[in-house]
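Let's take a friendly walk through a protein model, looking at one of its pockets and then at its aromatic rings.

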Amino acid sequence: MPQRERLDFIRQIVAEDVLSGRHGGRVLTRFPPEPNGFLHVGHASAICLDFEVAREYGGRTTLRMDDTNPTTEDPSYVEAIARDIRWLGFEWDGEIRYASDYFGALYRMALRMIEDGFAYVDSLSEEEIRAHRGSVREPSRPSPYRDRSTEENLDLFRRMRAGEFDDGKHVLRARIDLAASNMKLRDPLMYRIRHAHHYRTGDEWPIYPFYDWAHGQSDAIEGITHSFCTLEFQDNRALYDWFIEHTRPSSARIDRVPEAEGGGGEALGSWDPRPRQYEFARRNLDYTIVSKRKLLLLVEDGHVSGWDDPRMPTLAGFRRRGIPPDAIRAFCRQVGIGKADNRVEIATLEWAVREALNQRAPRVLAVLRPLEVVVENCPEGEVDWIDAPYFPRGADAPPEGWPETRKVPFTRVLYIERDDFAEEPAPGFRRLAPGREVRLRHGYFITCRGVEKDDAGRVVRLRCTYDPETRSGSAPDGRTPAGTIHWVSATESVPMDVRLYDRLFRVSDPAGDAEGLRESLNPDSLEVLTDARGEPSLAEDPPETAYQFERLGYFVPDRATRAGTAEADGGGEAPDGGPLVFNRTVTLRDAWSRRAKSDAARDADSPETRARAADESSGPAVPGIDSAREARDAARRADPALQAAFDRFRDPLGLPDELADLLSGSTESVRYYERAIRGGVDPAAVATWLVHEVRGAGGSEGDAGALEPEALAELVELVLERSISRAVAKSLLARLVEDGGSPREIVRREGLGRIGDAEQIREVVQGVVAAHPAEVARYAAGHTGLAGFFVGQVMRATHGRADPAIVRELLEESLNDAT
């Protein structure tokens, strides 16, 4: 048993119960998810608490599916939940339990509550019940049906059970206290009529219990001793206790219920053991949402590829991204259990991931953005296989089954990272440049002797020589090269598609309605690199091996896809064919904090801003200012024109403070923005693209590379008039920043426009529907949430160009025809 003084408040409660002999020292917890979606990072905290507390005190944990809503639940979610819990490292006691197994017991207890005068059938409509509800200052008005006789209530409830009434005709309510300060106690609903097919009980039950009635009684039936839930259910605890205290265990006939361990007698509330509910606070993760409704919106709108998209905060998404389960458990332990809701920096999770992967991820060489290097003094056709360690010196022993080294091929033609070469290197640049020597990781010293460019002036090839005497990584004469870079053989390496995943949202606390959520999305959350290359050992290693690509980050093979093949479902494995596909799990360091510092340094380092800030007697020069926002504030204090622009952008243009601030921090950004909106394009849309999208494409508010302000306005117009999709626009933007040009002309010339031809889209829709008969059958059975799956498949097939409104309309038509 853990030392008490180091325990969180939940463990203190359990420790005291065990020491006092309550429940005979027995500890039985449960994890009760509803099978209507995938588990997410919020569930991980609850899972760890339920299972680890029970294990620490010699107890057990059950898994119960809270399946009381027949229209949203599906056996595929049951399978996904079970798979994710096992993957997280936990095993429940016995078989999976189901609240639907207790429908008979719950019904029998409800009948007895009617006999005892604690429940009645109400015939008010949902709207009428709401109108009678009152407020925190006013008591609820009694329903005119509240004083029905016991006989009438029993007759109506039995007829509800027999299926005689339509949905919404009656409900069963508990008779408690219409003036209770806790609104949960004002005659809460226990049962509603719903003629819907249940995935386990079929059409047996036309009535279904509400959560508050089924939850506590299921705990009691199972013999749960400690029921943990989040703080949002704190007010529900009084109702949980009331139901426990006003039911008779004998009426449940527990001996008829599978896996039931609870007991008790005829007396009210005589449950043994008597379960109790304890609430703990949520730990909300930055840059993340865990609302199933909002996550479903992201899936249905095609912002992510599915519930297991590696950007999603689901456990399936984490697994596919390569986050190891022990990192999630370590993260949950680190953030702990508390009594007040709190936000947790996502850097905490990323730190736990790096810590876990650093201990066991083999180091390999990969190049994401290749630049060809011809080693002119290396014989053609010769392959020099160099021994390279999988793990750094001084590291722990390699994981079981891994050798200490592998062979890396050195050949005449190599690839290096494009960013590792600079024709005109800036001060402090320590990588390859004309006439400069660098060390190849695990290999020779090479020196750049020449540069080849294409017609556009872009470097396409380097001519180098190598020193054969430096194979060991050091020179006989003791010279030290400028730096070390990674590389792969051009002829012996394997092709890869690499997906660089980043945070799904660009703000730390994404909130608001659907539109606000969409605006909070990080446009750079996914970058796909199709020309990457990796050392040959990558093609031979076990699937799902997590690697550290040296100098780049941690990566894992995508378990659901291979390039050029269709995606599998959430539990599928990669089919054969196509290049290897790797997902980036996490960078080697916190890229976001480095990015923020870089932005601040860039804003603070302009000569104009430095000069103005130096004149400020009230504060230090800009390099000493702590943040980029303070640097912009200082610039506005020093220059009235910038302050006037800030005020003008807010009113009359109506920009939010964040955008007005970023666009008025320098004369260059003000000029650029005002040129872009001169033609009458929506100012807010241009501002959003300039601040969020241009920066992501390599530019900034005041320096958009080759992208002229008028071209940006043209691009935004194309999006607003729905001529192109946002996905196409973002792809096009990167080219415009680099090379310039007219967006309309490029779209016309390359056929990038949105597909608005209904017949063309109909052909794709019909093909998608025909290719997924199992999903069509589930949709026909009432699982309408699968509409988002079909939308995503169509958008993927059209490379994001199909008009979503037409897609949804045609899908509804096609699915109805198919069913």
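Start at the second largest pocket, which is lined by 42 residues; H40, H43, T230, E232 and R282 are the ones nearest its centre. A pocket here is an open set of points on a 1 Å grid over the protein atoms alone, where a 1.4 Å probe fits, with protein on both sides within 12 Å along at least five of seven lines; lining residues have an atom within 4 Å of a point. This is a predicted model, in which local features need pLDDT of at least 70, side-chain atom pairs count only at pLDDT 80 or more, and totals for chains, interfaces and linings use all residues. Residues are numbered from 1 along each chain as its sequence is written, and side-chain values use heavy atoms, leaving out hydrogens and water.

Which element gives the most to this lining? Helix α2 does, with 6 residues (helices are DSSP runs of H or I with at least four residues, strands are runs of E with at least two, and both are numbered from the N terminus). Sorted by class, the lining has 18 nonpolar, 12 polar and 12 charged residues. Asp, Glu, Lys and Arg count as charged, Ala, Val, Leu, Ile, Met, Phe, Trp, Tyr, Cys and Pro as nonpolar, and the others, Gly among them, as polar.

Now turn to the rings. A pair of aromatic rings is described by the distance of the centres and the angle of the planes. Rings of Phe, Tyr and Trp (its six-membered ring) pair if their centres lie within 6.5 Å; planes under 30 degrees apart are stacked, over 60 edge-to-face, and the rest tilted. The count by this rule is 22 aromatic pairs. In one of them, F38 and Y77 have ring centres 6.0 Å apart and planes at 80°, so this pair is edge-to-face. Because F38 lies in the loop between β1 and α2 while Y77 belongs to helix α3 (residues 75-88), the pair ties together parts 39 residues apart in sequence. F38 counts as buried at 13% relative accessibility, and Y77 also counts as buried, at 16% (buried means under 20% relative accessible area, exposed over 50%, partly exposed in between, with a 1.4 Å probe and protein chains only).

Finally, find the cluster that ring pairs make of F103, Y107, F157, Y191, W205 and Y208. The charged end of R161 sits over the ring of W205, 3.8 Å from its centre (for this, NZ of Lys or CZ of Arg must be within 6 Å of the ring centre and within 35 degrees of the ring normal).
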